[in-house]
Structures are given as structure tokens and as C-alpha cells.
Amino acid sequence: MNLSERQKRLRMQANTNKKAPIMYLLGLLIYIPLQIVFIPIALVAMIPVVYKQAGVSLKLGTSSSAVEVLQGRLHMHWFGLRDDPPTHELSKVLPNFSALGHWTLLLPLYILYKISGKIFYPVIAPEGEEEALNLVPNRTIYFDELINNRIDQAEQFVVLGAGFDTRCYGLLKATNLKLFELDQSATQQLKIQQLNNAQVDCSSVTFAEADFTKNDWFQRLEEAGYDPSKKTIFLWEGVTLYLSEAEVRNTLKTVKANSAAGSVVIADLYGFDFLKSLKKTAKLLEAVGESFGGFGLDFSANHENALSKFVESENATSGKTYFMGHKTKKGTWMVVTEILF
């Protein structure tokens, strides 16, 4: 039986963490004093990290939250959890990201990892046991798995709100899919420019500017060459929580009305309780020109019923689904799911 990508990575992570105890002890003996010495260095390294992500993003009019995703995937790449050369190359040239700052912050943990094999961060949690710290690693792996399961059944791939996602230049580059990326102008233009500077080949991707708070995004996609008669995978990752319920529903209605039978939206949806916990973050986002739109689902009583009720209200059905945190005391706080039309 073939293992899923998630299972492979969990097994690799578990095997890595089972290296000889003597090596783990040696790693700790080096890590602990090194981490103490690095505290003032880390504080200095935080300055360019925060300034570039928040200040430079605001100055450029680009998404600072998109940097969080790139950051998480870069860390996974560094620690061997997910091979992602395009993200590595892009991170080195983005003006609103400090690769050196992040490397400095993680160096003690990386040294511990290389000596002992122990990965304290980033960590892929077992399904259902995810905490907030596992958000990007687990979400990324779940999306990768759902995309891989659908590649052979589709002709087009559309990234809705692409941010700094690099799947089209890595995971999907060798496929026969026609690739599209949609995002707001400032973020997309910065990304294209820096991909070229990093010499990452993005020639197979068609870019279209779009704003999901407006009603013309599909027209922009169609003008870019999208064919509604072809079966399509729509990737909608890390976007819905920034939109209102009306905007989320309008996007799904537009996709359904303009896609072939068998097309799928692979999306993440968040629980009300999790969104409430982000109130402080919301204030920070507002300071850099972004905000949460407030869309979420009530997972507190019955997470499966909450998802089904929402999806069915859009005359769609749920496919493969990952409810993150459903085995923890706090319960489900978000879901990665297929929405089938």
C-alpha cells in the first residue's frame, strides 16, 4: 500500500526523532548554552524580521500575512520536512522578508537537529492533534496531499489569492495542468519581479490580477485564458478568514457557475473560536493595512455538521476533509476540505 505524503513525512519525522539517545544528549549539551548565548543575537535579528514583514510590506502595499506562509514553508524546507527550492530561492530576494534574520533565529535549533535529529520546530502533528503552532506545516501537507490526489483528474489549476505560494514552480511544474495564479496587483507584481530576480522559472504560469472583494475577478481569469469547459482544481488556501461571508459565498457561486463538472475547490475554513483568539493579531493586521473579514464556521458543537451545512447550502458536497484539532480538548478549530461541484 502506498503511503500518503503526510504519512511519509510523519514517519520520517518520527524516525528522525528516534536517533541514538547519546546524540540527543550531546545535542542538548550544545544547544542549551548556545541558545542562551543567542538570546541577545536573536533580539537583534528580530528587528529586520519584523521591520521587513510589517514595515516594508506596508510601504510596498503588499500582503504581510502572505509572508507568514512563505516563512513556515521555508522553515519546513530547512528542516527537511518538505522539499521546496522555489520558496528557498524566493525568500532570499523578497524585500519584505529577512531570510538571514530567520536563519539566525533558528540556528541553535538547526544545530540541535543536525546533531541529534530531533525536530522541536517546525513539527507536523498527527492528524486531529494539531495546535496553532502546527497551522502552516500541517495545512501545507494536507493541501499537498489533496492536490496530489486530484492532479490526474484535472486540466487546469487555479490559485485563488496566491500570495507567495510556489507550488506552480515546484510541485506542479512537471504536470500537464494549465496553471493560473490570481492575486492583488501589488503582491503579484512583487512576486513576479522577485521570482525573476531569483531565477525561478515561472514561464508556465499565467498571472491575473484579482480582488475577491470585487465582482470582476472571474472576468480577469477568463481574459487570462481560463477555459470553463475544463475540469479544474481551485486552490483557496489561507484566504477565507480575510473575507466576509458574502464574499466567500459569492466566490463559490462564481466558481460553480463557471467550471466544468468534476471541478473542485480545495479550501481551508476556520472556526469562530479560533477567529476570536486572533483579535490581537487582527489589530496588528489593521496597522499594516490588512484585516480579517470575519468569515468562519461554528465548530463548537458538531464540526462535521457545521461543514456539511455550509457546503450543502452552496449546492456542493464535501470530499476528503481534515478537521484540525478535533482530538484535542479545545476541539476542531479549522478544516482543510474539498468542495465538490
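This is a predicted model: local features need pLDDT of at least 70, side-chain atom pairs count only at pLDDT 80 or more; totals for chains, interfaces and linings use all residues.
Local features were taken at pLDDT of at least 70 and side-chain atom pairs at pLDDT 80 or more, whereas totals for chains, interfaces and linings use all residues. Residues are numbered from 1 along each chain as its sequence is written, and side-chain values use heavy atoms, without hydrogens and water.

Seven strands form an open sheet of mixed pairing in the order β3-β2-β1-β4-β5-β7-β6, where strands are DSSP runs (E, at least two residues) and helices likewise (H or I, at least four), numbered from the N terminus, and pairing requires at least two DSSP bridges. The edge strands, β3 (205-209) and β6 (317-324), each pair on one side only. Within the sheet, β4 and β5 run parallel and are joined by four bridges, and Leu235 has Ile266 of β5 as its bridge partner.

In helix α9 (residues 245-257), Val248, Thr251, Leu252 and Val255 are buried, that is, under 20% relative accessible area with a 1.4 Å probe and protein chains only. These residues lie on the same side of α9, because they cover an arc of only 95° around the axis, taken from the directions from the helix axis to the C-beta atoms. The buried residues of α9 pack against elements including α8 (217-223) and α12 (303-313), with contact meaning heavy atoms within 4.5 Å.

Terms used. The expected span of a helix is 1.5 Å times one less than its number of residues. Buried means under 20% relative accessible area, exposed over 50%, partly exposed in between (1.4 Å probe, protein chains only).
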